[in-house]
Amino acid sequence: MQATRKELEGYLKAMAMLDIIMLSKENAWLRLISFSKNEKLYTYVVDNGGGDDLKIMFTENGVLMKGFDHENELNQFAADEWDNSFFEHIFAGLPEEFEKVLDEDDRDYTTFCMWCMDDTDIWTQNEIENNDGGKKFLLRYIRKTPEEWSAWAEEYYEVEVAREVVQKVYNQEKLTEEDVGKLNPNRDAKEVFAEFAESF
């Protein structure tokens, strides 16, 4: 993953904000990405709706990323026999602060895992020979540029996207009600801004 913590947070936040504009809370289950937070943990989950997901957890001192590709042969739920040694290997050396934020489901629903500490920006991953655990496939869901997100959104939502508004979101510029209307004429801008305030 060639991105610093700040860059990665920027991509994910932009994607989450754009999903909020495109889909109301009632249809939040259709959003590609969701965000949650508590005092010391920020979590983004990318869910493609097909049984695969990418979970990115930001702690005070680092970032943990874990993916689950349900069609990958490392998916232990589809294996002939459950292999605990697989999890022992991919989580070996995981810093204690990440151990604390992973529950049993997080661990079981994993086909690859990687992490970095803020003082290095160097990602650590215990790889499996000849199988990336769906890493390449899942990381493609992170749209690093306004152009990437717009191209995906035009296909997913089947609408023409106001790319200048997408650019503002990625630049972390303040949006107006007019901007929201350009991107999604059917969305109540006040509801969008209320959800922004509630979420971020």
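A: A helix here is a DSSP run of H or I that is at least four residues long, and helices are numbered from the N terminus. Just after one such run, α7, Gln 172 takes a positive phi of about 60 degrees. The model is a predicted one.

The helix itself, α7, spans residues 163-170, and its buried residues are Val 165, Val 166, Lys 168, Val 169 and Tyr 170. What covers these buried residues includes three other helices: α1, α6 (146-156) and α8 (177-183).

Gln 167 also lies in α7. Once the neighbours within four places in sequence are left aside, Gln 167 is in contact with Pro 146 and Glu 147. Pro 146 is 21 residues away from Gln 167 along the chain, yet the C-alpha atoms of the two are separated by 5.4 Å.

Leu 30 is partly exposed, because its relative accessible area is 30%. Together with Trp 29 and Tyr 156, Leu 30 forms a nonpolar patch on the surface, and the three have about 360 Å² of accessible area together.

In β4 (residues 62-68), seven of the seven residues are buried. In a regular strand, side chains alternate between the two faces of the sheet. In β4 both faces are covered: Gly 62, Leu 64, Lys 66 and Phe 68 are buried on one side, and Val 63, Met 65 and Gly 67 are buried on the other.

Two strands pair with β4. With β3 (residues 53-58), the pairing is antiparallel and has six bridges; within it, Ile 56 has Met 65 of β4 as its bridge partner. A hairpin of three residues joins β3 to β4. The other partner is β5 (residues 112-117), which also runs antiparallel to β4 and is joined to it by six bridges. There, Gly 62 has Met 117 of β5 as its bridge partner.

Terms used
Residues are numbered from 1 along each chain as its sequence is written. This is a predicted model: local features need pLDDT of at least 70, side-chain atom pairs count only at pLDDT 80 or more; totals for chains, interfaces and linings use all residues. Side-chain values use heavy atoms; hydrogens and water are left out. Buried means under 20% relative accessible area, exposed over 50%, partly exposed in between (1.4 Å probe, protein chains only). Two strands pair if DSSP finds at least two bridges between them. Patches are made of residues with over 30% relative accessible area and no salt bridge: like charges are joined within 9 Å, nonpolar side chains (Val, Leu, Ile, Met, Phe, Trp, Tyr) within 5 Å. Accessible areas come from the Shrake-Rupley method with a 1.4 Å probe; for residues, only the protein chains shown count as cover. A salt bridge is a side-chain nitrogen of Lys or Arg within 4 Å of a carboxyl oxygen of Asp or Glu. Contact means heavy atoms within 4.5 Å.
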